[in-house]
Amino acid sequence: MKLAALNGSLRKGSINAALIEAIRRMEIFEVETVSTVLPPFTPDLADDAPPYVLAFRERLNTADAILIATPEYAMGIPGMLKNAIDWTVGSCEFAHKPTALITCTSSGEIAHPALLEVLRVLEARVTEDTALLLNHNRAKVRPDATFVTPEAEASVRDVIEALRQLCTT
Ligand SMILES: Cc1cc2nc3c(=O)[nH]c(=O)nc-3n(C[C@H](O)[C@H](O)[C@H](O)COP(=O)(O)O)c2cc1C
């Protein structure tokens, strides 16, 4: 099964990129990271979107499930990620799609519930079991895509297993 992974961080050495790689190594899904670097969203172009946006939507459409792995920036959702999500509001790629959210960040108290609300509005299939606030991220995931503690690994594996189950129901 194919998993489209969106990373809310563009940073070299991103812990979220390491987390996505760790999930790829679990071999529960075939993981493809989909770039969120898209032009600024405007509703004027929502129905006549540029090619990059069409390709982005197509990758989400053809995936069995979507994973968002993201930090919180300035107590909010990273702008590039929110911009990419905004491009799907009219075209509905998240609607009824099994979706996991892992907010892998220092704190995440604001961005995590905010993203859950966005996903709810978009009618994504996200459950309690496919949402995880992985705070104090540097004490849990290493840049080499290994986990610092067995508990951290188990919590992430449980989310991805729950996502797989969501795909079969
Ligand atoms: C500009 C900036 C703002 C940040 N603001 C927050 C924040 O509000 N809450 C939080 O949990 N972490 C915040 N962080 C820390 C990030 O969570 C942390 O650096 C995280 O590892 C970034 O994700 P990445 O490693 O995938 O790039 C901020 C980092 C930067 C660079």
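This is a predicted model: local features need pLDDT of at least 70, side-chain atom pairs count only at pLDDT 80 or more; totals for chains, interfaces and linings use all residues.
1. Ground rules. Residues are numbered from 1 along each chain as its sequence is written. Local features need pLDDT of at least 70 and side-chain atom pairs count only at pLDDT 80 or more, while totals for chains, interfaces and linings use all residues.

2. The core. The largest nonpolar core has 46 residues. Such a core is a set of buried Ala, Val, Leu, Ile, Met, Phe, Trp, Tyr and Cys residues joined through C-beta atoms within 7 Å. Leu19, Ile66, Leu67 and Ile102 touch the most other members. Helix α1 (residues 15-26) gives the most, with seven residues. Helices (H or I, at least four residues) and strands (E, at least two) are DSSP runs, numbered from the N terminus.

3. Helix α4, residues 111-121. Which residues are buried here? Ala111, His112, Leu115 and Leu119 are. Buried means 20 or more other C-beta atoms within 10 Å of a residue's own, exposed 12 or fewer, partly exposed in between; C-beta atoms are placed from the backbone. The four share one side of α4 because they cover an arc of only 100 degrees around the axis, taken from the directions from the helix axis to the C-beta atoms. Glu117, Arg120 and Val121 are exposed on the other side.

4. The ligand. Around the ligand are 15 residues, each with its C-beta atom, placed from the backbone, within 6 Å. Ser9, Ser14, Asn16, Pro71 and Ser107 come nearest.
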